[in-house]
Amino acid sequence: MATFVDRVVLHATGGDGGHGCASIHREKFKPLAGPDGGNGGNGGSVILRVDPQVTTLLEFHHLPHRRASSGTQGMGDHRAGATGEDLVLGVPDGTVVKTPDGEVVADLVGVGAEYVVASGGRGGLGNAALASPRRKAPGFALLGEPGESADVVLELKTIADVALVGYPSAGKSSLVAAISAARPKIADYPFTTLVPNLGVVQAGDARYTVADVPGLIPGASEGRGLGLEFLRHVERCAVLVHVLDCATLEPGRDPLSDLDVIESELAAYAGDLEIEGGRVPLTERPRVVVLNKIDVPEARDLAELVRPELEARGLRVFEVSTASHEGLRPLTFALAQIVETARREAPAPEATRVVLRPRAVDDAGFTVTRREAGGEVWFQVRGEKPERWVRQTDFNNDEAVGYLADRLARLGVEERLFAAGAVAGDEVRIGPETNSVVFDWEPTLVTGAELLGARGTDLRLEDHSRPTRGEKRAEFKERMDAKAAARAELRSEREHGVWTDPDAD
């Protein structure tokens, strides 16, 4: 079973928002006292946060699908639904978040750094929040929005000060075990180290970390061996240490050729240099050469032979033996000095800026596009507000559909459809092509609610209070005046012979 995983694909889904509630308040002597439906709760979000106790992405390897809890539905008596809890996932320090296409979206460095992978959906409004002077008793509520879904790639890039690179069986794991308390697996066959090993080195008052990167071979930058899988772990290191095997018996190999091969592989490796900790190219970072296994007489002679040429290249050279610990103390103090210098010269982290991007004056927030395919013509509406309103609408409720039509009309969708050449009966799609709401457009949408009066009103909630004494007197006077006018009209008609009997003549 794998114990170290440094690259996984995470499928995250935010919690759904709870639906709003459509309710009418009822109590004694007030059977219809107005709407009191509460709002639905917001869904929880999926958040990645750097946890110092987490050192591997193994947990996401076994459980790649994660979903936050959803909000609950609103209730009557103005009771809002519960908000879903955020799902906080701990990741190691140095985790890089990428899209499936390889674009870096977040670089999580430092304890507490976090990134929201999938946001939770909004809760729907209850009918109490939808009430207005013109819509006194909404008979509907808005639905909760579904949570966001996102697939991201998590890559772990070890946070270490020193990276040990070299051929397999060059003695990198032995060097880590000799200068730190780490105890990696050590054997006399190639590719013993299958995962990066970390060790903490104490040199006087200085303390730094050392990473043993699994052995590199020619073609590692192209995927040969294990190098491509673990070259990312050297991107954040301040100094590179070439561990050269002076006692190798393989034909065609010597310390100088090994150094040239590893340098060419590091130069060919295309790392993510735009993220924090990787801005300096690997070819420009400090180098230290360690000639290992000088406890073997032939290896000591070879180290003395190649040392002048390595120093002529401007490299600091140390002859060590991990078996007898010869030369390890000067090496650890030299590395401590280089690490301290790199820490002092590192640029101070800049505070996160708050960037405001106001909407353009001529930006309506949506677009209307005329589409044509297969001899069919339709009009596609895209925009944050129209798509969100469609998701929140209960299409089984005629009044809710009418409310959606009012909102789209106020936003200016109908005017844009007219401008695009749409006529009554044309097909309109709101949303993306793969998941859109399709309907035949009518400029004036009439629903069942309009047949009963103004949309959003209830005749049962009209004012039926008793008239005052002054109102009764005015009403009585109006009736008497009407009767007097009627009698005067009848008298005038009689006097003019309108009511004369023709048989009497």
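# Exercises on Salt Bridges, Aromatic Pairs and Backbone Geometry

R7, K98 and E155 are linked in a network of salt bridges. The model is a predicted one, in which local features need pLDDT of at least 70 and side-chain atom pairs count only at pLDDT 80 or more, whereas totals for chains, interfaces and linings use all residues. Residues are numbered from 1 along each chain as its sequence is written, and side-chain values use heavy atoms, with hydrogens and water left out.

## Exercise 1: Salt bridges

Task. State how many salt bridges the structure holds, and describe the pairs of R66, D260 and R388.

Solution. 

Step 1. The criterion is a side-chain nitrogen of Lys or Arg within 4 Å of a carboxyl oxygen of Asp or Glu. The structure holds 19 salt bridges.

Step 2. R66 is bridged to E59, with 3.5 Å between the closest N and O atoms. To classify the two residues, buried means under 20% relative accessible area, exposed over 50%, and partly exposed in between (1.4 Å probe, protein chains only). R66 is buried because its relative accessibility is 11%, while E59, at 49%, counts as partly exposed.

Step 3. The partner of D260 is R313, the closest N and O atoms being 3.0 Å apart. Helices (H or I, at least four residues) and strands (E, at least two) are DSSP runs, numbered from the N terminus. D260 has a relative accessible area of 39% and is therefore partly exposed; R313 is likewise partly exposed, at 40%.

Step 4. R388 pairs with E384, and here the closest N and O atoms are 3.8 Å apart. Both residues lie in helix α8 (residues 384-391), four residues apart, about one turn of the helix. R388 is buried, with a relative accessible area of 13%, whereas E384 is exposed, at 58%.

## Exercise 2: Aromatic pairs

Task. Determine how many aromatic pairs there are, and classify the pair of F140 and Y403 and that of F418 and W441 by geometry.

Solution. 

Step 1. Rings of Phe, Tyr and Trp (its six-membered ring) pair if their centres lie within 6.5 Å; planes under 30 degrees apart count as stacked, over 60 as edge-to-face and the rest as tilted. By this rule the count comes to two aromatic pairs.

Step 2. For F140 and Y403, the ring centres are 5.2 Å apart and the planes stand at 45°, so the pair is tilted. This pair links distant parts of the chain, 263 residues apart: F140 is in the loop between α2 (127-130) and β8 (149-156), and Y403 is in helix α9 (residues 398-411). F140 and Y403 are both buried.

Step 3. F418 and W441 form an edge-to-face pair, 5.0 Å centre to centre with 70° between the planes. This pair also links distant parts of the chain, 23 residues apart, with F418 in helix α10 (residues 413-419) and W441 in the loop between β18 (437-440) and α11.

Step 4. The two partners are then classified by accessibility. F418 is partly exposed, with a relative accessible area of 47%, and W441 is buried, at 4%.

## Exercise 3: Positive phi

Task. Locate D77 and K293 in the chain and comment on the phi angle of D77 and of K293.

Solution. 

Step 1. Most residues other than glycine have a negative phi.

Step 2. D77 has a positive phi of about 60° although it is not a glycine. The position of D77 is in the loop between β3 (65-67) and β4 (87-91).

Step 3. K293, also not a glycine, has a positive phi of about 70°. K293 is found in the loop between β13 (287-292) and α6. At 24% relative accessibility, K293 is partly exposed.
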